[in-house]
Amino acid sequence: MQFRFCVFLGVLLAPLVQASPDDDWALLGKAAQVARQQALSGSYLHQIGSASETFRIQRTVSKGKVRERRVSLDGLPREIIRHGDVLITSAPDEHSLLAAKISSAKLFPAILPDNVAMLADGYALSRLGSDRVASRECQWWQLKSLEAGQRYTQRVCLDKASHLPLKWVTLNAQQDAVELFSFIELDDRAPRAKVSVQPVYPLSSASSASAVKAEEGVGSLEIKGIPPGFRLLRSVMRKMPGNDGAPPVQHRVYSDGLAVFSLFVEYAKDAKPAPHLTHGPISVATDNEGEYRLTLVGDLPDAGLQSIARHLRLVKKS
Amino acid sequence: MSDRELDQQLVERVQRGEKRAFDLLVSKYQRRLGRLLSRFIKDSADIEDVTQEAFIKAYRALPSFRGESAFYTWLYRIGINTAKNFLSANGRRPVFKAGVEDEDGEVADLGDQMPDYHTPEADMMNRQIVETVNQAVNALPEELRTAITLREMDGLSYEEIAQVMDCPIGTVRSRIFRAREAIATQLRPLLDTAKDKRW
Amino acid sequence: MKENISALMDDALDDAAAHAAITDLQADKTLKDSWDTYQLIGDAMRGGGGLALDVRREVSERLRDEPTVLAPARRWPLPARKLRHYALAASLACAAVVGWMGWQQDESEMVVAKASEAQVFSPVTAVEAPYLLAHQEMAGTIDSSQRRVAYVPARDKAAH
């Protein structure tokens, strides 16, 4: 299914010339910090294609420790809780839990990475026009890939007073918005009541990714050809969801700070059929390397992910 | 904040995606809307269905509600149109019963036009609610009874009640709250039973 | 807290307090029950019959299946000037697409979605898309040090 937004641009949005790029990056760094740490309460819209949902978010910060709770206001019931460095997804049933996991992939307004300096390797930062979101004045900023068409363009509207991201739009090469987050109501004072970090659903916890011990086989392979700007975030040998009986798969996660993709390496004979499913901005690419199958899933344009897949090589560790 | 402003605030919340705010409007207006519809429709089950339908239509139409009229005026218009559509779809003619929502809370003389507007169960429930509320009001200490009566039956504001009762506004607020809680305590067992029965 | 709900009904709160009371009301079932009962008491005292009518549950259940309506945040009544906010109006026909109009300085901005096309997300299952699911489990934007805990229903765990 192809989700598309049609974008009407009424005015030409030529980036304005900035006197001091360093100041701009510093401001973006401030925005990243505020997006994670600012006490707030409000609700926001999340839209992918024709699907949209709203969430209520409440956040307090005490001695540097974040207590944050976001609850879906429509669609499947679910909640996503941050308590310090723990992220909890909670839902009444497994189907809703899947939705909770999807919703926890991007925790608006905290979409910028901690270290925004890493974005300078892959993106050009420019300032666009002013706007008004959730009754607040904000300034649009654009992060455009230095490699045309290989990454999505990101636009974020930062509150002129606090620099909190109020609206976030992901655009493809045709300038269609493939994903959108926007506050519809916001109070950036601390919520009056303490934010509860207890899940409301009477559920028991389990580890989401059952990592298993690395063993001979795909685990002894080295990956070459990862594009510049991308860094390895995590690497595990894991069982694939819904297929506990199959051999473990090597799962690596790479990010350039905004785009994140997973690389799965497994024996081709064990691999499932190449998936065709896409979810909003997420693309899937596959490539065979000898007896191994590589599967890439990530929020990159299809062309960008295919290109990465083509350039990857597997080398046996000596 | 006036009553109209309160409705506006609730409507704005619904328009911002807060579905639950709509529940508050339903709770506030369902009986008034039902009474209006009973002027056109005789069967109590039909009245309930059309009331439901009117609220759903209102919810869908809310993005275009611009607050030029009061919310309830707008809701009533939707209710009347929904009733008309219902009647024409069912090949019926509206029955106009101007005197149905009588002032004393009792069921008026229904006459031949509306044999089954009030089912015996709904009728009894209605009477029980009125009786329970009346008894609870009469059992209130005088200052609470006066405050809640001036508010609910005479529609006086807290300022006006404070003047009439010669007390601070804060006291009026507290008395009305205590009165409501006392009445609610008497009413809840009845409502809980009704909830189980789902008449 | 309940006293605020009582005062809210009587228009005796200022804007900020009313705003807070409505927020509390939506979050707290006890307060919502009080709101419902106080409204019923008012109707009963004013007389008029029809007190047995109760469609709250039915309407609420049906609303669950309705797309969320979103409309422009606006002053009330609508100011003569054009709205600058974007709006998601669930009635305009722009089949299968969502239009988004951004960054305009002087013209109104509007997001439009065809009502029948407006959906909430439906998650895929592990069977349908194991790679996608595995990716989403691991690829959150939270720092890599974040520990993730997923909750599954107790009965399902017991079944395994």
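Q: How much area do chain C and chain B bury between them, and what share of it is on carbon and sulfur atoms?
A: In this predicted model, chain C and chain B bury about 6,900 Å² between them, with 56% of that area on carbon and sulfur atoms. The size of an interface is often given as the accessible area lost when the parts come together.

Q: How many residues of chain C and of chain B are in contact?
A: The contact involves 62 residues of chain C and 77 residues of chain B.

Q: What makes the pair C:Glu3 and B:Arg173 a salt bridge?
A: The distance from N to O between the two side chains is 3.2 Å. The cut-off for an Arg nitrogen and a Glu carboxyl oxygen is 4 Å, and therefore the pair, at 3.2 Å, qualifies as a salt bridge. Across the interface of chain C and chain B the rule finds seven salt bridges, and 24 residue pairs are in polar contact.

Q: Which helix supplies the largest share of the side of chain C that touches chain B?
A: Helix 3 of chain C does, with 14 residues. Helix 1 (2–9), helix 2 (15–27), helix 3 (29–46) and helix 4 (56–64) of chain C each supply at least two residues of that side. By class, this side of chain C has 30 nonpolar, 15 polar and 17 charged residues.

Q: Why is B:Val164 called exposed?
A: The relative accessible area of B:Val164 is 53%. Exposed requires a value over 50%, so B:Val164 is classed as exposed. B:Val164 belongs to helix 7 (residues 158–165) of chain B, and touches B:Leu150 and B:Leu156, residues up to four places away in sequence not being counted.

Methods: Residues numbered from 1 in each chain as written. Chains lettered and ligands numbered in written order. Predicted model: local features only at pLDDT ≥ 70, side-chain atom pairs only at ≥ 80, totals over all residues. Heavy atoms only, no water. Helix = DSSP H or I, 4+ residues; strand = E, 2+ residues; numbered from the N terminus. Buried < 20%, exposed > 50% of the residue type's maximum accessible area, 1.4 Å probe, protein only. Contact = heavy atoms within 4.5 Å. Buried area = accessible area lost by both parts, 1.4 Å probe. Polar contact = N/O pair within 3.5 Å; in protein donor to acceptor, adjacent residues only side chain to side chain. Nonpolar A, V, L, I, M, F, W, Y, C, P; charged D, E, K, R; others polar.
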